[in-house]
Amino acid sequence: MENNIILLTDSYKVSHYKQYPEGTAQIYSYFESRGGKFEEITFFGLQYLLKEFLVGQVITQSKIDQAAKLYEAHFGNATLFNKAGWEYILNNHAGKLPIRIKAVPEGKVIPTHNVMMTVENTDPNCFWLTNFLETLLLQLWYPSTVATISREVKKLIITYLEETGDPNTIDFKLHDFGFRGVSSVDSASIGGAAHLINFMGTDTVAALTFIQNYYGNENDMFGFSIPAAEHSTITSWGKDHEVDAYENMLTQYPEGLVAVVSDSYDIYNACEKLWGGLLKEQILARKGTLVVRPDSGEPKDVVLKVAEILGEKIGFTTNQKGYKVLHPNIRIIQGDGVNYESIGEILAHLKNHGWSADNVAFGMGGALLQKVNRDTQKFAFKCSAATINGKEQEVFKDPITDHGKLSKKGRMKLVFENNTYQTKSLDESGEDILETVFENGEILKEISFGEVKENSK
């Protein structure tokens, strides 16, 4: 189905064109994080929204007629819909939106409470359009939140790698397991791409095509995976043939990385008697690494015990930092109960018992792509300036019941000074980092996913 931008909004937005003061000619609004769980935001997802919903002729007479019919039935009133306003855009702008959007380059990491995007109308007759688009543009909260969580996990893991192991292994330490746990294919695509700003491991195939479609081309590849077992491919052999199922994995994939879920019955027996016993010589002779995956129990306790058993049975060395590292042909991936907090607990528990973070990678699903909402980082889109009867005035809100929702005033820019980002008014000193990326239906500045990743560094 073709997108109809007139229908991609909240119902109450349809009536707002009648609610601004007489003589209003321009509405200027901005996007920010008002705080939340983490202190920095990785900005991502705008180019997707522009390409999918806003670029080119997005208004046609058939779309206007479709919206008029729907809204008349929806409100029980034919006069609420701004049909004349949309027909003005069709007739005077060839159906292209008279809007200017400035934003920080995608991938940039900005402290909370700073402007990251501004939106304003370029035609005084379309002052109502700026905040009509809030509903859609505010969905930037999702990819930005996922990219932020993924980056914070990266920082956390790097801390432990620097203390106990090799930070150069970071790219594949967090693998996206989230496709099945999200609300839609779109969520998997958008969130999965956001994760790949920070890491290179994913099982969310939809993220790969999303990046190719909106941030590159069909030859681009930013996410990678390996052959891996699931419970059905192990348990279909039967409990009495568990070792045969494992041996089959080693035989079918004689080289490279291969991951095998090993807790279908008894994870500790599998590590001690099967991987560390009957199959030990095959593991040691193999040209590659077997990754053992626990999938149940208390994560920090299970990962530690698995490491200790595998270390005793297959072998380990002590690195220059004084921490134990399993034989290079064996590693662990924890994919159950994984979130920011449990990753920290697992790594701390390993460290406290003398084990390096090199030994373990993580698969993160729902906590990465689904257990988030707009309030995780308190994203907001607010009007801060309006031109009325030829005079521009500051606009803001400051609820007495929650001063945390105080909004910014006037036109603003983002500058980098004293080794940090800060929001200033346009008439203050400092070069504006916000770039005009969209104007009057056209994308003026496009970014590749490689550039997004580079910005995030």
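**Entry 1. The hairpin**

I began at the hairpin of strand 14 and strand 15, where two residues lie between the strands and Asn389 takes a positive phi near 50 degrees. I am working on a predicted model, in which local features need pLDDT of at least 70, side-chain atom pairs count only at pLDDT 80 or more, and totals for chains, interfaces and linings use all residues. Residues are numbered from 1 along each chain as its sequence is written, and side-chain values use heavy atoms, with hydrogens and water left out.

I took helices (H or I, at least four residues) and strands (E, at least two) as DSSP runs, numbered from the N terminus. I counted two strands as paired if DSSP finds at least two bridges between them. Strand 14 (residues 379-388) and strand 15 (residues 391-394) are joined by four bridges in the antiparallel sense. I noted Lys391 of strand 15 as the bridge partner of Ile388, and Glu392 of strand 15 stands opposite Thr387.

Seven strands make up an open sheet, ordered 15-14-1-5-3-18-19, with antiparallel pairing. Strand 15 and strand 19 (442-443) are the edge strands, each pairing on one side only.

**Entry 2. Positive phi in the loops**

Lys378 is not a glycine, yet has a positive phi of about 50 degrees. I located Lys378 in the loop between helix 15 and strand 14. With a relative accessible area of 41%, Lys378 is partly exposed.

Asn440, also not a glycine, has a positive phi of about 50 degrees. Asn440 sits in the loop between strand 18 (435-439) and strand 19. Its relative accessible area is 31%, so Asn440 is partly exposed.

**Entry 3. Arg34**

I then turned to Arg34, in the loop between strand 1 (24-33) and strand 2 (40-42). Arg34 counts as buried, at 15% relative accessibility. Contact here means heavy atoms within 4.5 Å. Leaving aside neighbours within four places in sequence, I found Arg34 in contact with His113, Gln377, Lys378, Ala380, Lys382, Gly404 and Lys405. Between Arg34 and Gly354 I noted 320 residues in sequence and 40 Å in space, C-alpha to C-alpha.

**Entry 4. Helix 8**

I asked how many residues of helix 8 (residues 205-215) are buried. Eight of the 11 are, so helix 8 is largely enclosed by the rest of the structure. The buried residues are Ala206, Ala207, Leu208, Phe210, Ile211, Gln212, Tyr214 and Tyr215. I traced their packing to helix 1 (46-54), helix 7 (185-195), strand 7 (201-202) and helix 16 (449-456).

**Entry 5. The second largest pocket**

I searched for pockets on a 1 Å grid over the protein atoms alone, a pocket being an open set of points where a 1.4 Å probe fits, with protein on both sides within 12 Å along at least five of seven lines; lining residues have an atom within 4 Å of a point. Grid points are joined across faces, edges and corners, and a volume is the space filled by probe spheres set on the points.

The second largest pocket holds about 450 Å³ of space. Its lining has 24 residues, of which Tyr48, Tyr142, Asp186, Ser187 and Ile190 lie nearest the centre. Helix 1, helix 6 (141-164), helix 7 and helix 8 each supply at least two lining residues. Helix 8 gives the most, with five.

For residue classes, I counted Ala, Val, Leu, Ile, Met, Phe, Trp, Tyr, Cys and Pro as nonpolar, Asp, Glu, Lys and Arg as charged, and the others, Gly among them, as polar. This lining divides into 13 nonpolar, nine polar and two charged residues.

**Entry 6. The largest pocket**

The largest pocket has a volume of about 1,100 Å³. I found 42 residues in its lining, with His175, Phe177, Arg293, Ile333 and Gly363 nearest the centre. Two or more lining residues come from each of strand 6 (174-176), strand 9 (290-293), strand 12 (330-334), strand 13 (360-364) and helix 15 (366-369). Strand 13 gives the most, with five residues. By class, the lining of the largest pocket has 18 nonpolar, 13 polar and 11 charged residues.

Conventions: Buried means under 20% relative accessible area, exposed over 50%, partly exposed in between (1.4 Å probe, protein chains only).
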